[in-house]
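Hi there,

Here is the structure I promised to pass on to you. Have a look at it first, and then read my notes below.

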Amino acid sequence: MLFNSPEFLLFLPIVFGLYWFVVQRNLKAQNVLLLVASYVFYGWWDWRFLGLIAFSTVVDFFVGIRVAEASEKRIKKRWMAVSLLVNLGLLAYFKYANFFIESWVDAWGAMGITMHASSLQVILPVGISFYTFQTLSYSIDIYRGTLKPTHSLINFAAFVSFFPQLVAGPIERASRLLPQIENKREFTYEEGVAGLRLILWGMFKKVVVADTCAIYANDIFANYTEYAGPTLMLGAVYFAFQIYGDFSGYSDIAIGTAKLFGIQLMTNFKTPYFSRDIAEFWRRWHISLSTWFRDYLYIPLGGSRVGKWKAVRNVFIIFLVSGFWHGANWTFIVWGGIHACLFLPLLLRGTNRRYTSETVGEGRWLPSDRELLGMAWTFTMVCVAWVFFRMHTVADGIAYLKHALSSNWEVESLLEDFEKIRSGAGILKWIESFLLLVFPLLDFFESVYSSRYALIRSTSIVLILLSSTLILVMLQFSLNGESNTFIYFQF
Amino acid sequence: MARFLTIISGILVAVICFGATLAALEEASWEDTVTPSVKRLILGDSHAQPLFFSDGITIAKGGDPFVVSYLMLRRILKTQYSEQIRHILLTVGPQNFSSTRDDFLISNYENWFSGNKNRIAHILKWSDYLNISTPKIPLRSCFVHEFNAFNRTLDFSPAQWDEEPRLDSAYTALRLSRHRVTEPGWFQNQSLQVEYLNRLILLTDEYNCSLVLLGVPLHETYLANTEPTGLKKYYDFLDSIAQSHHHVEYWKYEASALPDSMFKDCDHLNSNGAKHFLKRIDNQVRQLHQTLP
């Protein structure tokens, strides 16, 4: 079920009503309801894959108990291996089997040996990368002794499948989410309104920003040989806004929906396009994934507190694995590689933690020249990397960038190209296409100042007017444009 | 909780009120569509957009399938029937009878068509929607368009296409592939399009109007690349319709050899071409007017 579908508009109030008005006095019943709702939510897409979540849940539930009960390190390790094998095995089979087969055939082909292998035609279950990481973190935390296992299968299953974040994150840690599921939740007006605000803002980012940017990005990337250099650069920018609007929009809706059920999820994005260097970008982009890799891969490998060469190796490992996590394609690995190359100089100079403040230009009206330059450089390089993320092959990505740099760079050609893209769409569409480019500013102000001038403190009338205006704007866009699924569903 | 639910209810009421206002405005926009001077209507898709008679109105938008033309005409004839309206001209072309239209109508994901899909739903309204047999148009479209803030359904001004013709082979190939007329077996006479063409024929008969199926000129490259068996079937089909209904005529102008300067692209006339074409059929229109009771 998609957040931006009519089914969800019915689903959410029904579950909300049952949760707070029918089973509100019984925690167990509330958790059963959450579990059933989550399975319905997921099964709406394809009920056959519910078995996969159930299997992963049951395995890690018992592994967690066995690991905690085991007195010997050897036995703990054995049970941990079971969890790793099952979770990574499922991921490898469903997500990477075809990639490995094809790469194997290609590698032999490059040496002149022709091999014939039929691909497995495996369907990628939605959200598998998210929930397997969530269950893995549970087992690893118990193994490390930082978490006690739950003895309630229902609570654990509700934690694994909690519907707001099941298919595209944020990837929650058991140490954060499980206690909330095991304890009584209260509904407060402030949390309800904050949830509503996040849901509406997330929908706005998805429906208005991401889906509209997609029109431009899809056209430019599909026909990049026909367009001039500035248009291709703008195409990468549109894709950057599309993927941000899409993914952060989803996260906002997930966090907002969870709030309606009295549950707090972690922040997943903090205005990443205002980052002053790539290290700061990764502290602001897909935070739940980057911290997952930091805690469960980077630090166990030694992080940056090892020799220089090992630190370099660790950086490459974490970025390449992060790229590979996104999909079984070399383009994602190249994307990760670019980020690793950008991060490396900061690490070697010891400046990777220079910018740790909450927002750029904090306490001042405007950022400094140095900060502005840093933001421009970081954003440009992030856009270059997005080209590979968006393309189907690495060769296409290189060709796109080559074409962007070598073709016509006159402003007229940009205007001509836009006329072609939005042929016959009228002046409003022209305005829209350029207004989209200031979206990050709007997002920045929303993110930074919304808590200061919070809607929570607004009067009911103001709240109603603001919310209904936002809904009408979204309806207008969703009706005239293309409705897309969320990009991160494919990961 | 009570305060939160009040807010939610308030938002719902505000959105519903806004939607209801738009629906009322949309209803009002249909009033007085047909002035006493209107004698003919031109219906169709983008091929009809540049066509315009001084004593008529053109109701057409790019990609409009026959279901839109049918519902528009039905609404006008039912609510504002005037004995002056004697002729209905409906543009036809190969693209109307390939799988393109039906697929686009049913699919949720074709951007190119989404605007029209919504418009269809808009016109259908709930009762009309329920009357449609097969295939169904997604309910979502029906529902959501009721809240469309910029209603451009009733825009009767003819399209002004004065730009340079786009007749390069790449764009022609794109147009042909969109129309899906190069593949063998492209012609389909069992489709939603045909169903609504038949309804249009019955409707015009009911109101004593003549229906002209107007084959708009196509560029020679378009015809040369259209799969010939399908093209023959297309011509035969329209001929047979004209022969079997006393009030229907088929004016076959698809293969009129017009110069490149009269085209917008391989299958659309530009404004200049449209003027030229209307002059060419003017006599035929006059004759048609005389033959009617």
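**A loop in chain A, and what follows it**

His286(A) has its place in the loop between helix 10 and helix 11 of chain A. Helices (H or I, at least four residues) and strands (E, at least two) are DSSP runs, numbered from the N terminus. Before going on, please keep in mind that this is a predicted model, in which local features need pLDDT of at least 70, side-chain atom pairs count only at pLDDT 80 or more, and totals for chains, interfaces and linings use all residues. Residues are numbered from 1 along each chain as its sequence is written, chains are lettered from A and ligands numbered from 1 in the order in which they are written, and side-chain values use heavy atoms, with hydrogens and water left out.

Is His286(A) buried or exposed? His286(A) is buried, because its relative accessible area is 0%; buried means under 20% relative accessible area, exposed over 50%, and partly exposed in between (1.4 Å probe, protein chains only). His286(A) also has a positive phi of about 40°, although it is not a glycine. As background, most residues other than glycine have a negative phi.

Helix 11 of chain A (residues 287-298) has 12 residues, and a straight helix of that number would span 16 Å at 1.5 Å a residue, yet this one spans only 14 Å between its end C-alpha atoms. The expected span of a helix is 1.5 Å times one less than its number of residues. Of the 12 residues in helix 11 of chain A, 10 are buried, among them Trp292(A), Phe293(A) and Tyr296(A). The buried residues of this helix pack against helix 5 (128-144), helix 10 (278-284), helix 12 and helix 13 (330-349) of chain A.

In helix 12 of chain A (residues 308-326) you will find Ile317(A). Ile317(A) is partly exposed, because its relative accessible area is 27%. Leaving aside residues up to four places away in sequence, Ile317(A) touches Leu297(A) and Leu301(A); contact means heavy atoms within 4.5 Å. The C-alpha atoms of Ile317(A) and Gly336(A) are separated by 9.3 Å, and the two residues are 19 residues apart along the chain.

Rings of Phe, Tyr and Trp (its six-membered ring) pair if their centres lie within 6.5 Å; planes under 30 degrees apart count as stacked, over 60 as edge-to-face and the rest as tilted. One of the pairs is Phe221(A) with Phe239(A), edge-to-face at 5.9 Å centre to centre and 65° between the planes. This pair links distant parts of the chain, with Phe221(A) in helix 8 (residues 189-222) and Phe239(A) in helix 9 (residues 229-260) of chain A, 18 residues apart. Phe221(A) counts as buried at 4% relative accessibility, and Phe239(A) is buried at 3%.

Phe239(A) also pairs with Trp386(A): the ring centres are 6.1 Å apart and the planes are at 80°, so this pair is edge-to-face. Trp386(A) is in helix 14 (residues 369-390) of chain A, 147 residues from Phe239(A), and both residues are buried.

**Over to chain B**

The secondary structure of chain B comes to 10 helices and seven strands, while chain A has 19 helices and zero strands. Buried residues make up 56% of the 293 residues of chain B and 58% of the 491 residues in chain A.

His87(B) is in strand 3 (residues 87-92) of chain B and is buried, with a relative accessible area of 1%. Its side chain makes a polar contact with the side chain of Ser210(B) at 3.2 Å. A polar contact is a pair of N or O atoms within 3.5 Å; within protein, one must be able to donate a hydrogen and the other to accept it, and residues adjacent in sequence count only if both atoms are side-chain atoms.

Happy exploring!
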